[in-house]
Amino acid sequence: MEKKGINEIRKAFLDFFESKDHLVRPSFSLIPQDDNSLLLINSGMAPLKAYFSGTKAPPHKRMATSQKCIRTGDIENVGKTARHATFFEMMGNFSFGDYFKKEAIRWSWEFSLENLQMPEERIWASVYLEDDEAYDLWKDDIGIPEERIIRLGKEDNFWEIGLGPCGPCSELYYDRGPAFGCDDPNCKPGCDCDRFVEYWNLVFTQFNKDEDGNYTPLPKPNIDTGMGLERVACILQDVDSIFEIDGMKVILDEACRVTDVPYGKDPDKDISLRIITDHIRSVTFMISDGILPSNEGRGYVIRRLLRRASRHGKLLGLDKAFLFQLMEKVVDKFKHGYPELEEKKEMIQKVILVEEDRFGETIHQGTEILNGMIRELKKEQKTSLSGEQAFRLYDTYGFPLDLTKEILEEEGLSVNEEDFKEQMNRQKERARTARSQSGVEGWKGDPLDVLKEIPETSFIGYETLQSESTVNVLIEGEAQVQEAPVSNDTPFLMILDKTPFYSESGGQVGDQGTLRSGDFLGRVLDTQIGANDVIYHVVQGETGKIREGATVTATVTSHRRNHTARNHTATHLLHRALRNILGEHVHQAGSLVTPDRLRFDFNHFQPVTPEELDTIETIVNEQIHKAMDVKVMEASMEEAKEMGAEALFGEKYGDKVRVVKTGDFSLELCGGTHVNNSAEIGMLLISSENGIASGVRRIEAVTGAGAYQQVQRQKELLREAGALLKAKQDRIPGRITDLMKEMKEQEKIIQQLKKEHQKDQQGDLLAGAETINGTKVVVEVMEGMNMDELRQLGDRLRDGSESGVIVLAAVGEGKVQFMVTITKDLKEKGLHAGNLAKEAAKITGGGGGGRPDMAQAGGKDPSKLPEAMETVKNTIQKALEANS
């Protein structure tokens, strides 16, 4: 049996099935497409679900893939066992109503013997208990002896998930030999020992299960097979652990080198090395597919893996970022099968390094606090950390619950997860309440709920900004009415049979305008969309009344619509420019398009640098000035994808979608309104860039008249600055530089004068100090000093005294600061600088303290300062007199 590497095995599998007329396609992304039931792709057939269910036509009746998969359900076992991993590759061949059991069984046998060169006598097969067809194929067609064909029950050899398509399985096992077995002389596949390794599962989807539990044969049965690449590699390379196969060992060896920890010497350290090896492989592939660290969903999965690996690096003695180095080995080993890893190498490395550095800032502090909590638990003989404590670690120090659990488990302790969830829910409720009070929530529900029948309405605003329309429905308050408004003080809702008004959606705000009919005039304040995509208008009556069934002239405010269209098309150009400069991992995470400005939220792992922003802004303006036509097309979703149109993840699209194409630069699915030519945008100016959530950045920008107004404001600021600085505009930077130099020189002079003044003060203070039992006592309030200056003066006063206690205070910005220092001989007489500082601060409503010989504190109430100084002076006097 030839010891093939993972790249050879993968290629051999795909080449074999290509020769059997299978369409071989690259692995699908780890991010599920059009499937909200999965967070991450976790099996070979998961991306092909729509083909199996018949909701989509497959590109070919036969397909073969080697699919990237992530499973984190048993992450706690990763590193502790030889087989568990979060990332794996599942090789599979699939038939959509084409070939069936005979071909699937024949080809699995042929590939195992001829390509993998497995010894025939080592291969066993299992079939479902009642599947005589598969049994006979193995026995008669393939020729496996009956003693190596095992019938197993439904639990082992029947695939079904609830109702719908299902069917029996047949599995191939490799016999590793009696040395790996148990003492049972009848040991065979299905036994829990390590002798028989299942390496290929053939699923025969031939039935449909209904609600009554009946299994009806499918008219066109399917084939779905899965063979784990890592497991086959273990067999061919004759190793006991997936961490010893070539694809993992190269990463493990590098982890040993980077951490300077040998493998196989210490079981606990081996676990850490295996966790690091597995997690960095998973993380590298996830980032290459555009998944970025965050606190939710798949972003949380990657953050959890990165932070878990980082912590195990620290357990091995590393105090610096190191995972970003290990990913290079992952890329080098897997780039042959996944060339995108090499293309995105720099970006992957950046994301890992940023996340490592971010975690490094919190893990030390969080670990110290958790260790303190653990000591208290053990001292009090408790076994569980409260959810409140775990939540404080999470909320204040960014310490994930999973990491808290893992550290506690290592100490034989647990955490109250229910209490933690309760604390989390309370925080969410507080956030919801805050949003509600700030008026962000808007409508509490759909105002169309009051209607017994939802009328049909159509949008005609792509073609025209004015129409003659019929009033279908009027709603005032919470009731449908025949006539409105009752009062011009309160807006009401109007639904028309057709409308040119764009309703708020896709980030674009709703149109405004007028509605006229006879003596009735209403201002449309907003346009929204409700149930069944019915468009309704929020109307403020100005004159007259309107009745249901009347005809109105609906007119959109054109200049407002045009400004909005400029900003919307500019948003598309900005999105494309961001991806060109920052990387293809950038995806829209939200947007707001108004007549005045645009706001674009996107996934990115670090702040956009000023240089990158300048480049992005330049690219967008270059595209604007190319005067590119903006074309709008209708297409099916499949056609749009073939064009390369950008779709928003998680958005629901109908059978027909609207594709907006700006020259050869931008292509997106969009239902919004746009300019006809990019030149209509005029120009784009980026106003700001900042982070709004973990892994999410926000850019705000203006175009057209808004950009012109911003330029005008900047020109006015420059004029004002020039006047104040008495410099021409092109000399302003130089003038500021000169002034800063002058200020630095003046600051040096001021500091020198202060030092000389403090020397004089020092002499005056020591000369006027009260002496008690041979000790000089200085208790003084200093004018205009900060804490550094108090400390410097206190040090000099102490150093100028053989025996002395110095208490200095100053008031600034409505607060009090105290500095206390004493000579070494006074510690033996019961004086403690920290206690004196704390006593003074307490009187003034503050706190603080410090060492026995030096301390500082602060207070909030300057009016109590005289009382505080007098109290401290009395305390000092009593202590010194007691030692006389």
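Modeller: Beyond its neighbours within four places in sequence, cysteine 256 is in contact (heavy atoms within 4.5 Å) with Val261, Pro262, Tyr263 and Leu273. The structure is a predicted model, in which local features need pLDDT of at least 70 and side-chain atom pairs count only at pLDDT 80 or more, while totals for chains, interfaces and linings use all residues. Residues are numbered from 1 along each chain as its sequence is written, and side-chain values use heavy atoms, with hydrogens and water left out.

Cysteine 256 lies in helix H7, residues 246–259; helices here are DSSP runs of H or I with at least four residues, numbered from the N terminus. Its relative accessibility is 13%, so cysteine 256 counts as buried (under 20% relative accessible area; over 50% is exposed and in between is partly exposed, with a 1.4 Å probe and protein chains only). Leucine 316 is 60 residues away from cysteine 256 in sequence, yet the two C-alpha atoms are 9.8 Å apart in space.

Serine 272 belongs to helix H8, residues 267–288, and counts as buried because its relative accessibility is 4%. With histidine 312 the link is from side chain to side chain, a polar contact at 2.8 Å (a pair of N or O atoms within 3.5 Å; within protein, one able to donate a hydrogen and the other to accept it, with residues adjacent in sequence counted only if both are side-chain atoms).

Helix packing can be followed in two further pairs. Helix H12 (residues 345–379) and helix H14 (residues 401–410) have axes 11 Å apart and pack at about 45°; axes are lines fitted to C-alpha atoms over the stretch in contact, and angles run from 0 to 180 degrees between N-to-C directions. Phe359, Leu370 and Ile374 of H12 meet Leu403, Thr404, Ile407 and Leu408 of H14.

In the second pair, the axes of helix H3 (residues 101–115) and helix H4 (residues 132–142) come within 10 Å and cross at roughly 50°, so H3 and H4 are likewise oblique to each other. Among the residues that make this contact are Ile105 and Trp109 of H3, and Leu137 and Trp138 of H4.

Technical notes: Helix = DSSP H or I, 4+ residues; strand = E, 2+ residues; numbered from the N terminus. Parallel < 35°, antiparallel > 145°, perpendicular 65-115°, else oblique.
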